Amino acid sequence: MQDLDDLLASNVNWAESIKAEDPDFFTRLAEQQTPEYLWIGCSDSRVPATQISGMVPGEMFVHRNIANCVVHTDLNCLSVIFYAIQVLKVKHIIVTGHYGCGGVRAATESTRYGLADHWIRNIRDVYNRRRDELNKIEDHDERVNRLCELNVEQQVANVAHIPAVQHVWQNGGELSIHGLIYGISDGLLKRVTQPITGLQDIAEEYHVLGSVSG
Ligand SMILES: [Zn+2]
């Protein structure tokens, strides 16, 4: 446990600094969370959701995995999305990638990583779908960065294709899906996709409508 001493001491300092500015902060937060945003981002330690978006605890529901993927058979990610839209009733789902993503880079190379290869396969599929554009980019880092953007675009579409998300729109609910990318070297977020705000923004072959719950 000794090696966590620094982390625990830092936590005490953090909690005290928050209480010094706002004495009721934690008691108020303990009562409920009412975030307006669901953030789906990369697990990379350099991309902490709340911090880089200038939010405080309680303002953002967060799901992170390698290379910010939304896979339609991933029970973990789907559970987070369902809870966010059905219980918390978030207004925005934000898929955020970042330049220089190691997971995306791995999809441009043939190195074997073990179990993670199955996950990275999702990004290889994005590469394969857009290879005509990507293979024209000679500089490898630039190609990886473009794939980071295209991956965000695909994952935003994957969110929009979830029937429960479409159900929100079908019932007149307010929900926008955004795609952003973060620059680790400048600390800035920028848009990769236009917001998706309803069924009119997604291809008809992905429409799944009806009143079955779940
Ligand atoms: Zn990453």
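## The zinc site

Which protein donors hold the zinc ion here? They are Cys-42 through its SG atom, His-98 through NE2 and Cys-101 through SG, and they lie 2.1 to 2.3 Å from the metal. Keep in mind that you're looking at a predicted model.

Read along the sequence, the donor residues follow the spacing C-x55-H-x2-C.

## Aromatic pairs

Next, the rings. The count comes to 3 aromatic pairs. One of them joins Phe-25 and Phe-26 edge-to-face, with 5.1 Å centre to centre and 90 degrees between the planes. Phe-25 is buried, with a relative accessible area of 8%, while Phe-26 is partly exposed at 28%. Together with Trp-14, Phe-25 and Phe-26 make up one aromatic cluster.

Phe-61 and Tyr-83 also pair up, this time in a tilted arrangement: 5.8 Å centre to centre, with 35 degrees between the planes. Because Phe-61 sits in strand β2 (residues 60-65) and Tyr-83 in helix α4 (residues 75-88), the pair ties together parts that are 22 residues apart in sequence. Phe-61 is buried, with a relative accessible area of 17%, whereas Tyr-83 is partly exposed at 39%.

Leu-4, Leu-7 and Leu-8 make a nonpolar surface patch of about 260 Å². One of these, Leu-8, belongs to helix α1 (residues 5-21). Leu-8 counts as partly exposed, with a relative accessible area of 44%.

Conventions:
Residues numbered from 1 in each chain as written. Predicted model: local features only at pLDDT ≥ 70, side-chain atom pairs only at ≥ 80, totals over all residues. Heavy atoms only, no water. Patch = residues over 30% accessible without salt bridge, like charges linked within 9 Å, V, L, I, M, F, W, Y side chains within 5 Å. Areas by Shrake-Rupley, 256 points an atom, 1.4 Å probe, with all protein chains shown as cover. Salt bridge = Lys/Arg side-chain N within 4 Å of Asp/Glu carboxyl O. Helix = DSSP H or I, 4+ residues; strand = E, 2+ residues; numbered from the N terminus. Buried < 20%, exposed > 50% of the residue type's maximum accessible area, 1.4 Å probe, protein only. Donors = N, O, S within 2.8 Å, 3.2 Å for Na, K, Ca; no water. Phe/Tyr/Trp six-rings, centres within 6.5 Å; stacked < 30°, edge-to-face > 60°.
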